[in-house]
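Could you walk me through this structure, stop by stop? I have the viewer open and would like to know what to select next and what I will find there.

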Amino acid sequence: MRNSEVADQLDRIADLLELKGSDRYRVYAYQEAARAIRSLGRDIETIRQEGRLEEIQGVGPSIAAKIAEFLKTNHCAYLEQLEREVPVEAATLMQVPGLGPKRARLLAEKLKIKSVSELIRAAEDHRIQALPGMGEKSEQQLLKEARRYAARSSRIPLYLAWPQAEELATLLRDHPAVERIEPAGSIRRRKETIGDIDLLVASRDAQAVFDRMVRLPVVQEVILRGPTKCTILTRSQFQVDVRVIAPEEWGSALLYFTGSKAHNIRLRSLALAKGYTLSEYGIFRLDTGKRVASRTEAEIYETLGLTWIPPEIREDGGELEAAAGGTLPELVELEDLRGDFHTHTTYSDGRDSVETMARAAIARGYDWLVVSDHSFGLPVVGGLTKEKALQQRREIAILNRELAPFRILHGVELEIRGDGTLDFDDAFLAGFDVVGASLHSGTRRDGERNTRRILQALEDPEVDGLNHPTGRITGKRDAYDLDVDRVIEAARRLGKTLEIDGNERLDLPSELVRRARDRGSSFTLSSDAHGADQLSLIRYALAIARRGWLEKRHVLNVLDAQALTARRHPRKHGRP
Ligand SMILES: [Zn+2]
Ligand SMILES: [Zn+2]
């Protein structure tokens with residue numbers, strides 16, 4: 001039943017009308033209709049099909065038309081128009097529980113508050129209690145709610161959430177009552193940031209699973225425990241929802257709880273169009289109510305005429321059309337990667353020697369490893385001078401004889417200086433196997449300057465690619481000001497690669513990966529490891545690559561060492 005979904009839409013219309021200052025009667029009409037639909041005993045979709053929407057208390061022809069539109073298309077043009085008309089600020093503030101349209105409008109207009117964090121600051125400075133209709137008590141109440149909202153809406157970076165989910169899954173997996181367990185939600189889609197952690201468990205005995213879980217040492221607090229769902233807080237302050245479902249509903253539940261919401265909405269309307277209904281319990285025929293599939297995701301997609309869609313691209317970004325047309329990308333896999341493009345050793349700020357890094361790479365099954373220490377221009381880390389670089393090259397040559405056929409490729413993370421020049425001249429750079437340029441400092445100035453520094457570095461014939469292109473560190477620091485489209489375009493035109501850095505940065509972001517891919521860019525994936533134990537971080541780079549629809553043909557890590565050096569050599573020998 002979609003009754004509450006429909007009612008929410010109507011309430012949202014009422015709120016926005018009130019925010020706009022519309023007449024009281026219209027606002028009231030939408031609120032009345034929402035209330036009536038919430039308390040209906042029957043499915044609103046059925047009532048629509050019978051053509052009897054207008055028989056619902058408070059629903060006239062105009063509201064009935066909007067309900068029908070929403071049920072059919074999942075959109076409501078009128079609501080979207082309202083959302084464009086009213087001040088965004090006030091609409092944002094209304095996300096805070098207890099803050100209605102009137103007070104939101106007041107805060108936005110009188111105090112110029114644009115965001116929840118500005119709301120918190122205003123309340124802390126006691127600027128709100130002076131407003132008409134407010135007082136010290138309501139200011140304190142608002143502050144409390146706003147702080148709660150802010151804490152809740154802060155998202156966890158994937159590199160923290162995913163290991164935590166895996167740890168819990170591992171601790172529960174061997175329990176006899178657990179048939180299957182898997183992280184779902186945005187972790188399974190490998191989104192760069194996560195809200196709450198979702199774990200899905202197939203079991204016939206939920207209480208036995210919860211009994212084990214609440215006693216795990218990683219659990220700090222049990223927030224809620226019900227018949228099929230248990231919510232806990234871990235010692236590292238992550239909220240985890242564990243849902244137990246029947247084993248035969250594994251596929252439909254996993255599909256449902258993996259999302260994204262937009263992907264699921266599209267799937268559900270596709271199901272309806274084909275004479276089915278789709279829920280977390282399975283896919284059912286509309287006419288007979290008979291369940292057609294529920295055990296695996298693939299069966300459900302197949303019933304809808306689609307091939308199975310990898311979770312990373314379930315974002316309603318064209319994947320359903322591609323699955324229907326048989327043109328889904330064959331996303332790059334971990335096994336496809338033959339090496340890592342960006343790692344550090346004790347020659348700069350790494351913890352391990354070249355040899356230790358190389359042996360760890362061999363243990364991962366790689367054919368090659370790019371060792372790419374910082375050049376000297378990055379202060380603090382004590383990077384490569386020309387002398388140190390040559391010493392490292394000799395060490396690598398000796399190791400390469402010993403470790404053959406494995407190859408250590410001599411790279412450098414080359415500092416882009418303030419004026420866009422580089423730490424080494426072209427003659428010296430020609431001696432490296434891979435040159436990645438990085439912007440680390442002086443980025444607080446204007447975006448035009450950052451962009452020009454990067455473009456100048458990319459123009460250098462000895463530079464192969466751009467490291468961590470936007471400078472963001474997920475969960476810690478935003479991207480610097482940059483004309484990213486000009487950078488992507490220049491890299492493509494010059495045949496330079498863009499890096500996806502898996503070490504906390506998760507940079508490029510996946511939406512930019514997709515954009516650059518569609519414009520013909522090629523990419524390098526890297527762990528940016530500062531120790532042998534960090535080579536595994538390449539899985540985050542891979543996650544972003546897959547979210548960006550990358551296939552083997554877009555990623556240089558699938559090449560062997562010979563192909564990689566051959567790719568560079570023509571440029572070395574004076575290609576235009
Ligand atoms: Zn760097
Ligand atoms: Zn680095």
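## First stop: a glycine in a loop

Welcome! Select G305, then show its surroundings: leaving out residues up to four places away in sequence, G305 touches A323 and A324. Keep in mind throughout that this is a predicted model.

Now colour the helices on either side. G305 sits in the loop that runs between α15 (297-303) and α16 (319-325). Is G305 buried, partly exposed or exposed? It counts as partly exposed, because its relative accessibility is 46%.

## Second stop: a three-stranded sheet

Next, select β8, β9 and β10. These three strands make an open sheet in the order β8-β9-β10, with antiparallel pairing. At its edges you will find β8 (276-279) and β10 (291-293), each of which pairs on one side only. Averaged over the sheet and ignoring direction, neighbouring strands are turned by 35 degrees against each other.

Strands of a sheet pair through backbone hydrogen bonds, in a parallel or an antiparallel way.

Zoom in on β8 and strand β9 (residues 282-285), which pair in the antiparallel sense over four bridges. The two strands form a hairpin, with two residues between them. You can follow the pairing residue by residue: Y276 stands opposite R285 in β9, and S279 stands opposite G282 in β9.

Helix α14 packs on a sheet here, touching β8 and β9, and its direction makes about 155 degrees with that of β8.

Five strands form an open sheet in the order β2-β4-β7-β6-β5, and the pairing is mixed. β2 (180-183) and β5 (219-225) stand at the edges with a single partner strand each, so one side of each has no neighbour in the sheet. Here neighbouring strands are turned by 20 degrees against each other on average, direction ignored.

Pick out β2 together with strand β4 (residues 197-202). They pair in the antiparallel sense, over four bridges. Within this pair, E182 stands opposite L200 in β4.

Helix α10 (residues 158-173) packs on it, touching β2, β4, β6 (229-234) and β7 (239-245), and the direction of α10 makes about 25 degrees with that of β4. Helix α12 (residues 206-214) lies across β4, β5, β6 and β7, running at about 150 degrees to β5.

Stay with α12 for a moment and show its side chains. Which residues in α12 are buried? They are A206, A208, V209, F210 and M213. The cover over these buried residues includes α10, β4, β5, β6 and β7.

## Fourth stop: a pair of helices

Head for helix α1 (residues 3-20) and helix α5 (residues 77-85). Two packed helices are described by the angle between their axes and the distance between the axes. For α1 and α5 the angle is about 35 degrees, and the axes are 10 Å apart. Their crossing is left-handed.

To see where they meet, show Q9, R12, I13, L16, L17 and K20 in α1 and Y78, L79, L82, E83 and E85 in α5. By class, this contact has six nonpolar, one polar and four charged residues.

## Last stop: the zinc ions

Finally, select the zinc ion (ligand 1). What coordinates it? E413 (OE), H440 (NE2) and H468 (NE2) do, at 2.0 to 2.3 Å. Along the chain, these donors follow the spacing E-x26-H-x27-H.

H440 is partly exposed, because its relative accessible area is 21%, whereas H468 is buried, at 1%.

Note on methods:
Residues numbered from 1 in each chain as written. Chains lettered and ligands numbered in written order. Predicted model: local features only at pLDDT ≥ 70, side-chain atom pairs only at ≥ 80, totals over all residues. Heavy atoms only, no water. Axes fitted to C-alpha atoms, helices over the stretch in contact; angles between N-to-C directions. Left-handed = near helix turned anticlockwise from the far one by under 90°. Contact = heavy atoms within 4.5 Å. Nonpolar A, V, L, I, M, F, W, Y, C, P; charged D, E, K, R; others polar. Buried < 20%, exposed > 50% of the residue type's maximum accessible area, 1.4 Å probe, protein only. Pairing = 2+ DSSP bridges. Donors = N, O, S within 2.8 Å, 3.2 Å for Na, K, Ca; no water.
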